[in-house]
Amino acid sequence: MVYRRTLRREVACTGIGLHSGRPVRLRLIPAPAEHGVRFARTDVGVEIPATLAHIGGQDHATTLSSAGVSIGTVEHLLAALSGLGVDDVRVEVDGPEVPVLDGSAAPFVILLHEAGLRPLAVPRLYIKVRKEIEVVHGSKSARLRPADHFEVGYAIGFDHPLLRHQALSLRVTPRSFTEAIAPARTFGFLREVEMLRKSGLALGGSLENAVVIGETGVLNNKLRFEDEFVRHKILDAVGDLALLGHPLLGRLDATRAGHALHAAVAQKLLATPDAFELVPAGAHEVAAAAVATAPALRAAGA
Ligand SMILES: [Zn+2]
């Protein structure tokens, strides 16, 4: 049996919001079993559950909303929580965005390592994909299909000499997430950044929290991985699929997808009753929970 997990103790950090450019205080607080991941906007007193039903926007980042109040750029924190296997946590934020930090999930992984993880007395249930589900928008697609583990295969291609094609496929475990996915940063094209700024977005964006791709190369000094871009897309997908509310046993194959398509395929899965079932951990997950977590957390804190 694998049990639901929360944090051992409360942790906090401060950073700026990517779009507003304003400082935000983030607190991660242990929560009881079945609480799920819930965001609390302490500045306005509204709580927003991290579920597909609360998606409020997906333009460049995933926004959740409830009662007319929203919390933006949730996906990197959700990816870290899901990647390390945290089921129940209260996330307090005193502004409209989760801090962007370095544009990756690595600082959240370190924060979770600082908090430590604690099992709760309720078994964790997984969403096991039983039938293939696909969403296609022109040349973009996202497909979920049955698999014994949570796996992601991702391919991207842009009309830019640096980014014609990148593809990566991996099994997502706490260890692979920490080492291969969490450090990959958000990226954007210089021409796009200029447009976003003109419309009052990305005001907090800088080379400190995003990889910026110019006409002839990357403006930052160096990349963290040669294929950092596709790794970040996997990071985003892990964060968006966390909105299913249960860890996934299945494989996502995505081509040139993004937040909207990640959510659409997840929504289609939940809307197709014979395409999935809720199951307790199998032998694979029991072994993964026992073996993978400890070294992953050590690596994150190193
Ligand atoms: Zn992202």
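Q: Buried means under 20% relative accessible area, exposed over 50%, and partly exposed in between (1.4 Å probe, protein chains only). By these limits, is Leu-196 buried or exposed?
A: This is a predicted model in which local features need pLDDT of at least 70 and side-chain atom pairs count only at pLDDT 80 or more, while totals for chains, interfaces and linings use all residues. Residues are numbered from 1 along each chain as its sequence is written, and side-chain values use heavy atoms, with hydrogens and water left out. Leu-196 sits in helix H4, where helices (H or I, at least four residues) and strands (E, at least two) are DSSP runs numbered from the N terminus. Its relative accessible area of 14% is under the 20% limit, so Leu-196 is buried.

Q: How far from Leu-196 is the C-alpha atom of Leu-261?
A: Along the chain, 65 residues separate Leu-196 and Leu-261.

Q: Is Phe-108 buried or exposed?
A: Phe-108 belongs to helix H2, which covers residues 106-115. Because its relative accessible area is 2%, Phe-108 is buried.

Q: What is the C-alpha to C-alpha distance between Phe-108 and Pro-119?
A: The two positions, Phe-108 and Pro-119, are eleven residues apart in sequence. Between their C-alpha atoms the distance is 19 Å.

Q: How many salt bridges does the model have?
A: A salt bridge here is a side-chain nitrogen of Lys or Arg within 4 Å of a carboxyl oxygen of Asp or Glu. Among them is the pair of Arg-38 and Glu-47, with N to O at 2.5 Å. By this rule the count of salt bridges is 22.

Q: Which residue forms a salt bridge with Asp-87?
A: In this salt bridge of Asp-87, the closest N and O atoms are 3.0 Å apart. The pair links distant parts of the chain, 37 residues apart: Asp-87 is in the loop between helix H1 (75-84) and strand E9 (89-93), and its partner is in the loop between strand E10 (117-123) and strand E11 (125-129). Both partners are buried. The residue paired with Asp-87 is Arg-124.

Q: Which strand holds Arg-143, and which holds Asp-253?
A: The side chains of Asp-253 and Arg-143 meet in a salt bridge at 3.8 Å, N to O. This pair links distant parts of the chain, 110 residues apart. Asp-253 is buried at a relative accessible area of 15%, whereas Arg-143 is partly exposed at 25%. Arg-143 is in strand E13 (residues 140-145), and Asp-253 is in strand E18 (residues 248-255).

Q: At roughly what angle do the axes of helix H3 and helix H5 cross?
A: Axes are lines fitted to C-alpha atoms, for helices over the stretch in contact, and angles run from 0 to 180 degrees between N-to-C directions. Angles under 35 degrees count as roughly parallel, over 145 as roughly antiparallel, 65 to 115 as roughly perpendicular and the rest as oblique. H3 (residues 174-181) and H5 (residues 228-241) are therefore oblique to each other. Their axes come within 10 Å and cross at roughly 140 degrees.

Q: Within what distance do the axes of H1 and H2 come?
A: H1 and H2 cross at roughly 50 degrees. They are therefore oblique to each other. The axes of H1 and H2 come within 9 Å.

Q: What is the value of phi near Glu-34?
A: Glu-34 lies in the loop between strand E3 (23-30) and strand E4 (37-41). With a relative accessible area of 54%, Glu-34 is exposed. Phi of this residue is positive although the residue is not glycine, and the value is near 75 degrees.

Q: Is Ala-67 buried or exposed?
A: Ala-67 lies in the loop between strand E7 (63-66) and strand E8 (69-71). Its phi is positive, near 50 degrees, in a residue other than glycine. Because its relative accessibility is 71%, Ala-67 counts as exposed.
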